[in-house]
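Visitor: Could you walk me through this structure, please? I have not seen it before.
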Amino acid sequence: MQPAKSFRPDPACSTSAWPDRAWEVEAVLAWHDDDAKAAIRTLLDDCRHLRRQLALAESVMSRGMARGWTPRYERDAL
């Protein structure tokens, strides 16, 4: 397992809109040495892992604790 790399934008170039989506895409690609397929694989694995974590949390969380909130596994359309 690799240690987490720290990707931070240059503070002199940052804006109030940080994190910038274009910058995030470049950071993901840089992490994977510009291998787009490896980046997609990793992001899909992350998505799968987070869905499993959400399902686990849903199964152990009482309705009263969440005040009726239930998780959604699909995000809204863009």
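Predicted model: local features only at pLDDT ≥ 70, side-chain atom pairs only at ≥ 80, totals over all residues.

Visitor: Is V28 buried, partly exposed or exposed, and what is its relative accessible area?
Guide: Buried residues have under 20% relative accessible area and exposed ones over 50%, with partly exposed in between. V28 falls in the middle class, so it counts as partly exposed, with a relative accessible area of 27%.

Visitor: Which residues does V28 touch, not counting residues up to four places away in sequence?
Guide: One of them is L43, which is 15 residues from V28 along the chain. The C-alpha atoms of V28 and L43 are separated by 9.0 Å. With sequence neighbours up to four places away set aside, the residues that V28 touches are A39 and L43.

Visitor: What pattern does the protein chain follow along the sequence?
Guide: The protein chain has three helices. It has zero strands. Read along the sequence, the pattern is therefore α-α-α.

Visitor: What share of the residues of the protein chain counts as buried?
Guide: A residue is buried when its relative accessible area is under 20%. The protein chain has 78 residues, and the share of them that counts as buried is 9%.

Visitor: Among contacts between residues at least 6 apart in sequence, how many join residues at least 24 apart?
Guide: Here a contact means heavy atoms within 4.5 Å. Among contacts in the protein chain between residues at least 6 apart, the share joining residues at least 24 apart is 16%.

Visitor: Which residues form the negative surface patch?
Guide: Some of its members sit in the loop between α1 and α2, including D33 and D34. D35 also lies in that loop, between α1 (21-31) and α2 (36-60). A patch takes residues with over 30% relative accessible area, so D35 can belong with its 34%. The patch is formed by E26, D33, D34 and D35.

Visitor: Are D33 and D34 buried or exposed?
Guide: The cut-off for exposed is over 50% relative accessible area. D33 has 67%, and D34 has 60%. Both values pass that cut-off, so D33 and D34 count as exposed.

Visitor: How many salt bridges does a search of the whole structure find?
Guide: R48 forms a salt bridge with D45. The closest N and O atoms of this pair are 2.8 Å apart, and the cut-off for a salt bridge is 4 Å. For the whole structure, the search finds one.

Visitor: Why are R48 and D45 separated by about one helical turn?
Guide: R48 is partly exposed at 41% relative accessible area, and D45 is partly exposed at 43%. Both residues are in helix α2. They are separated by about one helical turn because their spacing in that helix is three residues.

Notes:
Residues numbered from 1 in each chain as written. Heavy atoms only, no water. Patch = residues over 30% accessible without salt bridge, like charges linked within 9 Å, V, L, I, M, F, W, Y side chains within 5 Å. Areas by Shrake-Rupley, 256 points an atom, 1.4 Å probe, with all protein chains shown as cover. Salt bridge = Lys/Arg side-chain N within 4 Å of Asp/Glu carboxyl O. Lys, Arg positive; Asp, Glu negative; His and termini not counted. Charge placed at Lys NZ, Arg CZ, Asp CG, Glu CD. Helix = DSSP H or I, 4+ residues; strand = E, 2+ residues; numbered from the N terminus. Buried < 20%, exposed > 50% of the residue type's maximum accessible area, 1.4 Å probe, protein only.
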